[in-house]
Amino acid sequence: MAKRQFKSESKRLLELMINSIYTHKEIFLRELISNASDAIDKLCYIALTDDKVGLTREDFEISIVADKDKKTLTISDNGVGMTASELESNLGVIARSGSLQFKKEMDESTEGNATDLDIIGQFGVGFYSAFMVAAKVTVISRAYGDSGDGENNASKWVSSGADGYSITACKKDTPGTEIIIEIKEDTDDEKYSKYLEEYTLTNLVRKYSDYVRWPIKMDVTKSRQIETDEKDKDGNNKKEWEDYIETEIINSRVPIWQRPKSDVSDDECAEFYKEKFVDQADPVAVIRVSAEGLVSYNAMLFIPSVAPYDYFTREFKAGLQLYSSGIMIMEHCSDILSEHFRFVRGVVDSQDFSLNISRELLQHDRQLKVISTNIEKKIKAELKKLMDDDIEKYETFYKAFGIQLKYGIANGYGMNRDLLADLIMFYSSKAEKPIPLDEYVKNMPEEQKYIYFASGESISLLDKLPQAEQVRDKGYEILYLTDDIDEFVVKVLGKFEEKEFRSVNDSDLGYENEEEKKEIEQQETDNKDLLDFVKESLDGKVAAVRLSGKLKSHPVCLTTQGEITLEMERYFKSMQAQQGVGMFGEMQAERVLELNAEHPSFAALHDAFANDKDKAKDFSKLLYGQALLTAGVPLEDPAEFSELVSKLVF
Ligand code: ADP
């Protein structure tokens, strides 16, 4: 029978497994048990509506048999099983969503084991992990509903590693899968034979698979006291200990989320999360809900600390896992989880879900709405608590998912404002790190009217923004908005705790006194011809030229008027670049050039305007260029600007 070759990426994974120095070889058992449990889940689900399965919940089981003489470890289940073609496609290629990323990392990685380790940890390794301990693996599987009692009702997949595998027909009495692992010979470094020891196996099951709902059965050695025929000195039968073998269920089977809170340590929750949701990092928070009432349910939810590699792609599937009395009925139920909290992972289990309705219908179940609303409140409360009690942890979370919360505010047209406003943070000019809005408000001096913000491409740019200098000098904190979405967020929020947001670009910053304002107005009237001249010199590039009350040491600044700001313009431009010309074509910010009447440059401009119009025109262009540069907006014609500087200075 001809050997079939593994698909190339699978082959590399396999080689990695075979030569693995991975210290956690033991996880192979967990992986195989998880697969067995999934297979039983599937058949159990079918059995709900299909009498022909002929099994009830009590009949399903996973069994582990160690044969020390033959050096084999056999893991069997009576789940759905696989047809020959399923064996081919499931075990011949890596059929997991992480495989693309995996391949990428493999390609980028050298042959070094350090990166191998990462890969193993990150994706779990599934079936292939058997090769970390196996010299040869045989899979005998019969799919449910496949080919009855004939001689060839099942298939046998055999592989000794990277040189390929074979699939042949065989006979198996009942549907399900049997995985026979021939354990490797012991080496100096590794005692593979320990995986045939009862002690190791029971411990591994307890460590990794204790919560698996299906019974995991194994022969275990027990001792009992028996009476012998010999008499002791008092004439009673002597007793002695005798070992015997009994098949036992070695996992406790209660899903972790159904166990009482007091019974489950934080570490256990974290371990469960990492294994089930394939994450290397501990979650920043675990939320446990056990609700009675209109709908009774248990939930165990996790807030991850890092975003999965595909989180911001279409590949990412959000949603919670739905269980009905311990049976998984839906893997990604997104109806139960609001979009802005889509980073939350976890499990919701309720006896109240009606199982015989189709999955589609289930999505519109009224019960789901009740749960969804409750869960949203719990997540919000947990995040707020984290922010209040452990800001460092919150910062970790926020780095990964803060942007999601901001999108939640911006996209919801204000619908989620109150829910999410407490949870977002912006970089503070004073604290020099992101802070929550309530902290900003708390820090405001009594006379400060507004929440000030400045938006631009980077913190360092904003730190030097001319128009922000005065606000800072007054001792007011400024929030620096550097994400594209930030200005939209602030716009939707409008206010926080009754304090309005105000851009440092605004002509009214709320602290100018009436006299100052009048003075500037007067100066503008006095210099109207000059300001008009500057505007004309700039050839339509600016919508207005004004005298500014907010500049101190700088000669000019660039602001905007109307709805669209420079940041929005930049955002729309990048959207346009991504999506082609279209709806964003017309989005241009109306620029305003603000001049500092107190700065020597203004006197020079004034003088030139009176005596040398050409020079005044050059000055206008120079000042505009300076305004662009400090605002972080690229010059349209850098060479012309450079010439201008030379011409005026030298
Ligand atoms: P994963 O479980 O992450 O999908 P695996 O490599 O462990 O990846 O398994 C690949 C596929 O093979 C599974 O998705 C499943 O369809 C099938 N499979 C593995 N083990 C079993 C089993 N014991 N019974 C039925 N199908 C199985």
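A salt bridge is a side-chain nitrogen of Lys or Arg within 4 Å of a carboxyl oxygen of Asp or Glu. By this criterion, the side chains of Glu61 and Lys217 meet in a salt bridge, with an N to O distance of 2.7 Å. This pair links distant parts of the chain: Glu61 is in the loop between α2 (27-49) and β1 (62-67), and Lys217 is in strand β7, 156 residues apart. Helices (H or I, at least four residues) and strands (E, at least two) are DSSP runs, numbered from the N terminus.

The model is predicted: local features need pLDDT of at least 70, side-chain atom pairs count only at pLDDT 80 or more, and totals for chains, interfaces and linings use all residues. Residues are numbered from 1 along each chain as its sequence is written, and side-chain values use heavy atoms, with hydrogens and water left out.

**Chain and confidence**

The chain contains 21 helices and 22 strands. Of its 650 residues, 49% are buried, where buried means under 20% relative accessible area, exposed over 50%, and partly exposed in between (1.4 Å probe, protein chains only). The accessible surface of the chain is about 32900 Å², and carbon and sulfur atoms hold 47% of this surface. Accessible areas come from the Shrake-Rupley method with a 1.4 Å probe; for residues, only the protein chains shown count as cover. Among contacts (heavy atoms within 4.5 Å) with a separation of 6 or more, 70% are between residues 24 or more positions apart.

The mean pLDDT of the chain is 86, and 89% of the residues reach 70 or more; pLDDT is the predictor's confidence in each residue, from 0 to 100. Over residues 94-107 the pLDDT is below 50, and this stretch has 28 contacts in the model beyond near neighbours in sequence. Residues 109-124 also have pLDDT below 50, with 30 contacts in the model beyond near neighbours in sequence. Where pLDDT is low, the predicted coordinates should not be read in detail.

**Salt bridges**

The structure holds 36 salt bridges. Side chains of opposite charge can pair when their charged atoms come close.

| Pair | N to O distance |
|---|---|
| Glu61 and Lys217 | 2.7 Å |
| Lys222 and Glu248 | 2.3 Å |
| Glu242 and Arg224 | 2.9 Å |

Glu242 lies in strand β8 and Arg224 in strand β7, so this pair ties together parts that are 18 residues apart in sequence. Lys222 forms a salt bridge with Glu248. That pair also links distant parts of the chain, with Lys222 in strand β7 and Glu248 in strand β8 (residues 237-249), 26 residues apart. The residues in these pairs are partly exposed: Glu61 has 26% relative accessibility, Lys217 has 26%, Lys222 has 25%, Glu248 has 25%, Glu242 has 29% and Arg224 has 39%. Elsewhere, Glu457, Asp484, Glu567 and Arg570 are linked in a network of salt bridges.

**Buried positions**

Thr228 is found in strand β7 (residues 216-231) and is buried, with a relative accessible area of 15%. Its side chain reaches the backbone nitrogen of Glu230 at 3.4 Å. Leaving aside neighbours within four places in sequence, Thr228 is in contact with Asn237, Lys238 and Glu240.

Glu594 lies in strand β22 (residues 590-595) and counts as buried because its relative accessibility is 4%. A polar contact of 3.3 Å joins the side chains of Glu594 and Lys550. A polar contact is a pair of N or O atoms within 3.5 Å; within protein, one must be able to donate a hydrogen and the other to accept it, and residues adjacent in sequence count only if both atoms are side-chain atoms. Beyond four places in sequence, the residues that Glu594 touches include Asn505, Arg546, Ser548 and Cys557.

Ala285 lies in strand β9 (residues 285-291) and is buried at 5% relative accessibility. The C-alpha atoms of Ala285 and Leu383 are separated by 8.2 Å, although these residues are 98 residues apart along the chain. Not counting residues up to four places away in sequence, Ala285 touches Leu301, Phe302, Ile303 and Glu382.

Ala421, in helix α11 (residues 417-421), is buried at 6% relative accessibility.
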